[in-house]
Amino acid sequence: MARAADGDVRVPVLDGEDPWTSEELAEVREDLVFDIERMQRAIRIAEKGLEKLFDEGTEGAGRDPADVGSTNFERDQEMSLVQNARDLLEQATNALRLFDAGQYGWCENCGEPIGKDRLMVFPRATMCVTCKQREERR
């Protein structure tokens, strides 16, 4: 667990990185909470758009085939946006859970520190750069 005796969250750093300050940690946590709220809003909006597109249907008397194709394309785009937002929401929620449990900043693959610089830029990261690159090559 990455909590100090005083109860403060301790997040690991890579060799050569400065330790986390309480202000930096507070900012990272705020960013995660903001991301969660933003993704929840985006999902609600996109789902409403999907409902409208599904209500319009894909076929109908007198509907031009180009209109049907356009509606299908819009629906597919909205479905993709919803799935992407859900993926980002899951990442942010997982990172916040790890943060609050005092386990934030450790690579879920190799167990080594993710690194302060990476987490400052991408607070949802759960893997170090090396492990993430390996995963993306597969």
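A salt bridge is taken here as a side-chain nitrogen of Lys or Arg within 4 Å of a carboxyl oxygen of Asp or Glu. The model is predicted, so local features need pLDDT of at least 70 and side-chain atom pairs count only at pLDDT 80 or more, while totals for chains, interfaces and linings use all residues. Residues are numbered from 1 along each chain as its sequence is written, and side-chain values use heavy atoms, with hydrogens and water left out.

View 1. The elements run α-α-α-α from the N terminus on, where helices (H or I, at least four residues) and strands (E, at least two) are DSSP runs numbered from the N terminus. Of the 138 residues, 33% are buried, a class defined by under 20% relative accessible area, with exposed set at over 50% and partly exposed in between (1.4 Å probe, protein chains only). Among contacts (heavy atoms within 4.5 Å), those between residues 24 or more positions apart account for 57% of the ones with a separation of 6 or more. A search of the whole structure gives six salt bridges.

**View 2. D35, R38 and R124, linked in a network of salt bridges.** Within helix α1 (residues 22-56), D35 and R38 lie three residues apart, about one turn of the helix, and their side chains meet with an N to O distance of 3.0 Å. D35 counts as buried at 10% relative accessibility, whereas R38, at 34%, is partly exposed. D35 also forms a salt bridge with R124, the closest N and O atoms being 3.2 Å apart. This second pair links distant parts of the chain, 89 residues apart, since R124 sits in the loop between α3 (116-121) and α4 (129-137). R124 is itself buried, at 15% relative accessibility.

**View 3. The salt bridge between K132 and E135.** Both residues belong to helix α4, three residues apart, about one turn of the helix, and their closest N and O atoms are 3.0 Å apart. K132 is partly exposed, with a relative accessible area of 28%, and E135 is likewise partly exposed, with 37%.

**View 4. C128 and C131, two cysteines whose sulfurs are too far apart for a bond.** The sulfur of C128 is 3.6 Å from that of C131, the closest cysteine sulfur, whereas a disulfide requires a pair of cysteine sulfur atoms within 2.5 Å. C131 is accordingly in no disulfide, and the search of the whole structure finds zero. C128 is buried, with a relative accessible area of 10%, and C131 is buried with 3%.
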